[in-house]
Every structure is written in structure tokens, then in C-alpha cells.
Amino acid sequence: MNYNEKYQKWVSKEDLDPALKAELLSMDETAKEDAFYTDVEFGTAGMRGILGAGTNRLNIYVIQKANVGFAKYIASLPEGKERGVAIGYDNRHMSYKFAIESAKVLATYGIKSYIFESLRPTPELSFAVRYLKCAGGIMITASHNPKEHNGYKVYGADGCQITTEAAAEILAEIEKLDIFDDVKRISFEEGFEAGKIS
């Protein structure tokens, strides 16, 4: 699928986030190409990128898709669903929203998440993963990157960023997915009431 086909798929999606829809409609050809010619790269540090509409940007849809891949990876680990995932976030634009969306997707796959009630530095996320004996962790931050950026960093059970091998497994799962059709999520309230979001 070329960048223009991807753009058309997004702009014609009926329930697309209104702010992202407005951004799409304001794009010239150069902006369209840059936003859709590739996907945000996923590696050992997870993903980092400019916030905005498109597959080459960080937005709720790219975050949700990454979480489906991570959920499938966590579910494949011994007692992964029960051990769950710790989620932290910083004060960057969209960090809290991305953390909530992550918890909602994980809950849909039966994976428990422990989400911090307020902003935390990254080392606290690493500590929480080990303290709660989680199967993994997510930190929404872009550390020292410019303010237009955000990031989705993934951690293993040891509280360290995932290994190259784990990143490859997660990426393989992500690449199988359609960004809209293959992403399911329950509401935050449902997840909380089911004991899947703590």
C-alpha cells in the first residue's frame, strides 16, 4: 500500500479522532507522504516519533497497534497474563492518553496492568516492574527528544528495556496487524471493574 492509499484509508475512517482528522485534511502532498510513507520504527527502545496523524507519527492508533503486538508477546510468556504489565508516563503531550490506551488494549487480551496514578520518572517504572513481579512494563516518554515528540518504551521482567530478540518477536506480531481492523479494546471502566486495570 502506497502512502496515498494509507492516507485515504485514514481520512475516510468514520470514527477517526477529530483532531487527527482535522490534521489530515490540512495536509499538503509533502506532509501526506512524510506521515504515511513508512511506519514508526519499533526496536529495543520501543518507538519514538513526532506526535500527529499517520503511520509515521505517534498517535492513539499507532500506540494501540503496538500494544496488541506487546499483548500477544506477554500472553506467550509463562503466566504472562497474570503477572501483568506496569505502565508509567511523563508530562509530555498525550502521555497520559497513551498510557490509558495501553491499559485498555492489554485488558482486552486478559492482561492485568498496573498504571501509575500520576507522573513518574522512568526509573520508578523499572522498579515497579520488579517490585510487582510483572512480565513487562511500558513507559510513555521520549526522554530528551524535542517537545513535538513522544515515545512508547517497552521493558522486560527484569525492569530493563527489552532485548533485541524480544523486540523482534513483538515487531513480528505488530506487522501482522491492520491498524484499524485488528485492534480491539474494552473501555477503561470495564477493564477496571474486571480487575484487569489497577
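Student: Where does Asn 145 lie?
Tutor: Asn 145 is in the loop between β4 and β5. Please keep in mind that this is a predicted model.

Student: Is Asn 145 buried or exposed?
Tutor: Asn 145 counts as buried, because its relative accessibility is 18% and the cut-off for buried is under 20%.

Student: Which residues does Asn 145 touch?
Tutor: Leaving aside residues up to four places away in sequence, Asn 145 touches Arg 48 and Arg 92.

Student: And how far apart are Asn 145 and Tyr 37 in space?
Tutor: Their C-alpha atoms are 22 Å apart, and the two residues are 108 residues apart in sequence.

Student: What about Ser 143, where is that found?
Tutor: Ser 143 is found in the loop between β4 (136–140) and β5 (149–155). Its relative accessible area is 37%, so Ser 143 is partly exposed.

Student: What is phi of Ser 143 near?
Tutor: Phi of Ser 143 is near 40 degrees, which is a positive value in a residue other than glycine. For background, most residues other than glycine have a negative phi.

Student: Which loop holds Glu 79, which also has a positive phi?
Tutor: Glu 79 lies in the loop between α4 and α5 (80–83). Its phi is about 55 degrees, although Glu 79 is not a glycine. Glu 79 is exposed, with a relative accessible area of 57%.

Student: Let us turn to the helices. At what angle do α4 and α8 pack?
Tutor: Helix α4, residues 60–76, and helix α8, residues 164–175, pack at an angle of about 120 degrees, and their axes are 8 Å apart. That angle makes α4 oblique to α8.

Student: What is the handedness of that crossing?
Tutor: The crossing in which α4 passes α8 is right-handed.

Student: Which residues meet there?
Tutor: From α4 there are Lys 65, Ala 66, Gly 69, Phe 70, Lys 72 and Tyr 73, and they meet Ala 166, Glu 169, Ile 170, Glu 173 and Ile 174 of α8. By type, the residues in the contact of α4 with α8 are six nonpolar, one polar and four charged.

Student: How about α4 and α6, at what angle do they pack?
Tutor: Helix α6 covers residues 95–108, and α4 packs with α6 at an angle of about 40 degrees, their axes being 9 Å apart. Here too the angle makes α4 oblique to α6. The crossing of α4 and α6 is right-handed.

Student: Which residues make that contact?
Tutor: On the α4 side they are Ile 60, Ile 63, Gln 64, Asn 67, Val 68 and Ala 71, while α6 contributes Lys 97, Phe 98, Glu 101, Ser 102, Val 105 and Leu 106. The residues of the contact of α4 with α6 divide into seven nonpolar, three polar and two charged.

Student: Let me pick one of those. Is Asn 67 buried or exposed?
Tutor: Asn 67, which is in helix α4, is buried, with a relative accessible area of 0%.

Student: What does its side chain make a polar contact with, I mean that of Asn 67?
Tutor: The side chain of Asn 67 makes a polar contact with the side chain of Ser 102, at 2.9 Å. Not counting residues up to four places away in sequence, Asn 67 touches Ser 102, Val 105, Leu 106, Ile 138 and Tyr 152.

Student: Where does Asn 59 lie?
Tutor: Asn 59 lies in the loop between β1 (47–50) and α4. Asn 59 is buried, with a relative accessible area of 2%.

Student: What does the side chain of Asn 59 reach?
Tutor: The side chain of Asn 59 reaches the backbone oxygen of Gly 52 at 2.9 Å. A polar atom of that side chain also lies 2.9 Å from the backbone oxygen of Gly 54.

Student: And which residues does Asn 59 touch?
Tutor: Setting aside residues up to four places away in sequence, Asn 59 touches Trp 10, Leu 20, Gly 52, Ala 53, Gly 54 and Phe 98.

Student: One last topic: where is Ser 118?
Tutor: Ser 118 is in the loop between β3 (113–115) and α7 (122–131). At 31% relative accessibility, Ser 118 is partly exposed. Between the C-alpha atoms of Ser 118 and Lys 32 there are 35 Å, and these residues are 86 residues apart along the chain.

Note on methods. Residues are numbered from 1 along each chain as its sequence is written. This is a predicted model: local features need pLDDT of at least 70, side-chain atom pairs count only at pLDDT 80 or more; totals for chains, interfaces and linings use all residues. Side-chain values use heavy atoms; hydrogens and water are left out. Axes are lines fitted to C-alpha atoms, for helices over the stretch in contact, and angles run from 0 to 180 degrees between N-to-C directions. Helices (H or I, at least four residues) and strands (E, at least two) are DSSP runs, numbered from the N terminus. Angles under 35 degrees count as roughly parallel, over 145 as roughly antiparallel, 65 to 115 as roughly perpendicular and the rest as oblique. A crossing is left-handed if the near helix is turned anticlockwise from the far one by less than a right angle, and right-handed if clockwise. Contact means heavy atoms within 4.5 Å. Ala, Val, Leu, Ile, Met, Phe, Trp, Tyr, Cys and Pro count as nonpolar, Asp, Glu, Lys and Arg as charged, and the others, Gly among them, as polar. Buried means under 20% relative accessible area, exposed over 50%, partly exposed in between (1.4 Å probe, protein chains only). A polar contact is a pair of N or O atoms within 3.5 Å; within protein, one must be able to donate a hydrogen and the other to accept it, and residues adjacent in sequence count only if both atoms are side-chain atoms.
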